[in-house]
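Please open the structure in a viewer and keep the selection tool at hand.

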Amino acid sequence: MNVQDLGDLNQALSEAQEIKRDRFQYQHLGKNKTLMMVFFNNSLRTRLSTQKAAMNLGMNVIVLDVNAGAWKLETERGVIMDGDKSEHLLEAIPVMGCYCDLIGVRSFAGLSDREYDYAETVINQFIKYSGRPVFAMESATVHPLQAFADLITIEEHKSVTRPKVVLTWAPHCRALPQAVPNSFAEWMNAADVDFMVTHPEGYELDPRFVGNARVEYDQMKALEGADFVYAKNWSCPGVSSPADYGKILSRDMSWTIDAAHMAVTNNGKFMHCLPVRRGLIVTDDVIESEKSLVIPEAANREIAATVVIKRMLENL
């Protein structure tokens, strides 16, 4: 799901506030309907918020952990399955579809094959073979439910009509996917905000997501006057250098968001999708300050998921 799938953003935000006032008012939509949540990767907020959203709507929920509670699944075609993978996704997917009405899939990028990841190979197989409506609970390249929750949070906490929102890269000890920054950039471009992206050279996001956003390589300059600071690490997207895709190109700790960074903002509020590595992405004093929105942001994951699943149920 990308931002265009949601339609008019103002209408979606109004619907989110309506849901927030009474998150159980549409339980009739999900009666005797089942959501299957398929996890190829770990999750805390996505699992809890999406399951809660489905329950808000009166649905039954089945949770499948592919790497813990099921056969290991092969995802490639044309292979000889003589290894540790006992079942192929092409058989498993239609079987899953027999047991549910909607499917949510969480499958991270492998960060070794850019073409494979950016083709959304795994989730597109679910769309093609399940026979059910499918939505992304984070895919190889996007995390739309997170971006929608981020937008709801900004709308609730903005103090000016058109706030300045800055997405800033921050250091990390592991190579992370680009799904969260991709979706955040895409959604901010569609929203009524003054949006800017800042990162070291070599970390340029795919043009299909960053769009016409202003890109500034001087982090402190980018943060000047910001109303919202969204910190997130991502590995090299490989836009200009495919051979570097998924690599860590910088560990520059000067990009860690601390009080000095926040001091140049417009009394800015701090955002992050969580989980967050303290001392790498952000310092304790910033994330624990009254300007930190990480908890309200996480709470809005439930609201975002409820709106999306509600709309899917209405179209069954």
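Begin by selecting helix α5 (residues 121–129), where Val122, Ile123, Gln125 and Phe126 are buried (under 20% relative accessible area, 1.4 Å probe, protein chains only). Helices here are DSSP runs of H or I with at least four residues, strands are runs of E with at least two, and both are numbered from the N terminus. The four residues cover an arc of only 150° around the axis, which puts them on the same side of α5; the arc is that of the directions from the helix axis to the C-beta atoms.

The model is predicted: local features need pLDDT of at least 70 and side-chain atom pairs count only at pLDDT 80 or more, whereas totals for chains, interfaces and linings use all residues. Residues are numbered from 1 along each chain as its sequence is written, and side-chain values use heavy atoms, with hydrogens and water left out.

Gly131, which follows α5, has a positive phi near 75°.

Now select Phe148. Together with Phe195 and Ile309, Phe148 has the most contacts inside the largest nonpolar core, a set of 57 residues. Such a core consists of buried Ala, Val, Leu, Ile, Met, Phe, Trp, Tyr and Cys residues joined through side-chain atoms within 4.5 Å. Helix α12 supplies the largest share of this core, 8 residues. Beyond four places in sequence, the contacts of Phe148 include Leu6, Trp187 and Ala304.

Definitions and conventions
Buried means under 20% relative accessible area, exposed over 50%, partly exposed in between (1.4 Å probe, protein chains only). Contact means heavy atoms within 4.5 Å.
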